[in-house]
Every structure is written in C-alpha cells, then in structure tokens.
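Please read them with the structure open.

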Amino acid sequence: GNAKSSVEVKSGGNPVLRRNQIHDGKQAGVLVFDDGLGLFEGNEIFGDATAGVEIKTFGNPTMRHNRIYDGKQVGVLVHGTGQGQLDENDIFGNTTAGVEIKTFGNPTLQSNRIYNGKSVGLYVHDKGQGTFVENDIYGNSKAGVEVDTLGNPTLRKNRAHDNQDNGIFVHDDGQGMFEDNDIFNNALAGIEVTTGANPMFRVNLIHDQKERGVQVHHNGQGTFSANDIYANALAGVEIQTSGNPKMESNRIHDNMRYGAYISDNGLGTLEDNEIYSNASAGVDIETGGNPTLLRNTIRDGKDRGVVVHDNGRGTFEDNTITGNVIAGVQVETGGDPVFKKNRIKAVDGVGVYVLDNGQGTFESNDIFANVQSCVEIQRGGNPVLKSNTIHDGREIGVYVHRQGQGTLIDNDI
C-alpha cells in the first residue's frame, strides 16, 4: 500500500478514473480536497486505513458505480465543507460508518447501496449536512442512519431496513428532514429520538419493526407529520421520560400492541391522527404520562380505545373514540385525565369505564350508542362528570356499583 493516500486530487485537478483497483493505502484510498474535482467510475476501493474516499475543503468529485468496501475505518468521509456527487455506488463491510458526514460536509448521495457495515450505515454529526435520495441502507450492525450534534441531513425516498439496531437514530441535538422514506424490519425501533434531538419526519412508511415504530424519550422532540405507522411488534408510537414530540395527521394502525403508549412522564401533542385497529389500546397512558390529544380519531381497536392507569394523566379534547371492543375510555389505578368535548360512541362494551380508584374529569362530552353502559363506575372509581350528554345507550346510561363513587353535575342523561 501507498504511504499516504493512493489517489490525491486538489487545486482544480479533474482526472477521470475508471475500473481501477485502489486499495490498502496507509491513509485514504482517494482524497479529494482544496477544490479538487474528478470523475471516479467503476473502481474497486478497499482495505484502506482511514477512509476509502475522503472529501474535504470544497472538494467536489463525481463518484459513480464504484465499490467501496472493507475499509479499516469509514467507507466515505465528507467533512470540512467537502461536497461531491455519489451515485449508484456499493458501500459495504466497512469497520466504522459506511458513510460519515461532519463539519459542514454537504454531499449528495443518490441510489447508493450502503449495507452490511460493522457499525452504522450513515452517520451525520458535528453540523454535517448532505442530501440523500433513493439510497438502500440495510444490514448494518448498528443503526441504518444516525444523526447527532447538530447534524442536519435531508433524506428523501430512501429505504432503511433490516439493520441490527434502529432504522434511524437521532440524538444529542441531532436534526434532519426525513421525507417519503420506507423504514422497516429493523431490530429495535424504526425511529428513535432522544436527548434534545428535534428532527422532522413527513410522509414516511414506518412498519414491521421488531420492536416499536417510533420511540421518543429523554427530552427528545421532533415533528411527525402524515406518516403511516403500522404492523410494528410493540407500540406504533412510544413516548417516555419527558419525550415531547408533535404528532400530526399520522395513521397509526395494526400494531401488535398499542397505537400510542405514553409512560414515565412522557409528554407529546397528538393532533388530527387516525389511530385504529391496534391489538391493545389505541392510546395507553401510565406512570405520569401526560400528553395532549386534539381532534384524533381513535377507532376500531381490538381492545379499549383509551386506557389511563397507574397515575397516568393527559388532556383529550375534540377526539372521536368509536368502535372499540371493551371500552371507549377506561380509567383506573390513580389515572386522572381530562376529557372535554369528545365523542365517545358505538363501543362494543362500556363508553366510559372508571374503576379501581381511577379518577378523571369529563366535561361536555357526547357519550352515546354504547352496547353496555354509557358510563360505568365501580370499585372506588371517583370521576367528575359535568355537562355531558349521555344518551341512546342500549342498556344503562350511568351505572354506579360495587363501591363506585363520582360527582355528576349538569349532565343530560
């Protein structure tokens, strides 16, 4: 191997390299910097000590149909205002990241395969940027995509799948725009957001993960808009430990457990989502979880629509909760939510069910057309119901029994 880089291009150099073998350099295989250019096509770049390809200081090569593999560190490194156009390359089997972008590196990668790396597939950090379109990112030992420390990439129409960790992991103040990607069959979460990260996810498919679809925790944030989140092994969306995302106009359905699960002081604002056909509760809140849900439809669950328990809280306003199997809303074991101006109807059980020391305030809701009781209170349940309309139940309007309590004021029953 060469003592430094095997190929070095700088100062406006603009070579064409086709079908070469570039390998086992003591530093980078290819280094393009200081306004270097070049067309690199159909080369084999492998076994280099630092990076297979390194681009920095306004280097701007075009790299097409190369195989970049088995590097002793990173496959492609773009940093220090490096640029570059990388199309239809195979980047695989590298020891650290397949592709690493940092310190204002800003390349464009389109239609590459980034796979079977020994670490993360794509790593963007330390104010790295980049545009990534129609890449296939799979089979990596860690996350498919990792973003942290003010990394801010744009990913559109990529596939992130079959990675041995998360599909996409955004943490430690990472950012990024993720749009129209297909994120599936990853070993942990499809998307994990934590520790101050604040990305934007729009119109993605997030499905068939081995664990959660979306997990936001430990002060993670993020905006999730118009995504389709389905068929994940646990919850579609899980929010914990002061996670506080905004979820708007998503479809969250057919997950193997909950639609949305908020626990351990998780927060979050869920607006205008459609949450349906999940195997457990559509929304489950416990242990200090305290989200805000506005104008959602929570329907046709195979269990309960909403469950608030174990000191969970939450504010629910102007939601439609319909067609769930056991109860529209169930509050128990110290749960204490607020429900205002919701429609709770056509449940194959009880509309609102408060038991086992559950509490809650229910005001100005329309509770109707439920198969069993519209409202049932038992075993120390003690809600406040004020100014609700409770009507057209097939059995009892309000049923209080077995040491149930409650305060009912100004309701129309």
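1. The model is predicted. A search of the whole structure turns up one cavity of 30 Å³ or more. The largest cavity holds about 30 Å³ of space.

2. Cavity lining. Which residues line the largest cavity? They are Ile-137, Val-145, Leu-155, Asn-158, Ala-160, Ile-168, Asn-181 and Ile-183. Val-145 also belongs to the range of strand 19, which covers residues 145–147.

3. Val-147, placement. Val-147 sits in that strand, strand 19. Is Val-147 buried or exposed? Val-147 counts as buried, because its relative accessibility is 0%; the cut-off for buried is under 20%.

4. Val-147, neighbours. Leaving aside residues up to four places away in sequence, Val-147 touches Val-124, Asn-152, Pro-153, Phe-169, Val-170, His-171, Gly-174, Gln-175 and Phe-178.

5. Ala-346, placement. Where is Ala-346 found? Ala-346 is in the loop between strand 45 (343–345) and strand 46 (350–354). With a relative accessible area of 34%, Ala-346 is partly exposed.

6. Ala-346, neighbours. Residues up to four places away in sequence are again set aside. Ala-346 then touches Thr-322, Gly-323, Asn-324, Phe-368, Ala-369 and Asn-370. Thr-297 is 49 residues from Ala-346 along the chain, and their C-alpha atoms are separated by 13 Å.

7. Secondary structure and extent. How many helices and strands does the chain have? The chain has zero helices and 53 strands. Along the principal axes, its C-alpha atoms fill a box of roughly 85 × 25 × 25 Å.

8. The chain has 413 residues, and 57% of them count as buried. Take the contacts in the chain with a separation of 6 or more: residues 24 or more positions apart account for 41% of these.

9. Surface and charge. The accessible surface of the chain is about 15100 Å². Carbon and sulfur atoms contribute 43% of that surface. The chain carries 36 positive and 54 negative charges.

Technical notes: Residues numbered from 1 in each chain as written. Predicted model: local features only at pLDDT ≥ 70, side-chain atom pairs only at ≥ 80, totals over all residues. Heavy atoms only, no water. Helix = DSSP H or I, 4+ residues; strand = E, 2+ residues; numbered from the N terminus. Buried < 20%, exposed > 50% of the residue type's maximum accessible area, 1.4 Å probe, protein only. Contact = heavy atoms within 4.5 Å. Areas by Shrake-Rupley, 256 points an atom, 1.4 Å probe, with all protein chains shown as cover. Lys, Arg positive; Asp, Glu negative; His and termini not counted. Charge placed at Lys NZ, Arg CZ, Asp CG, Glu CD. 1 Å grid on protein atoms, 1.4 Å probe; cavity = no way out; pocket = protein on both sides within 12 Å on 5 of 7 lines; lining within 4 Å. Points joined across faces, edges and corners; volume = space filled by probe spheres on them.
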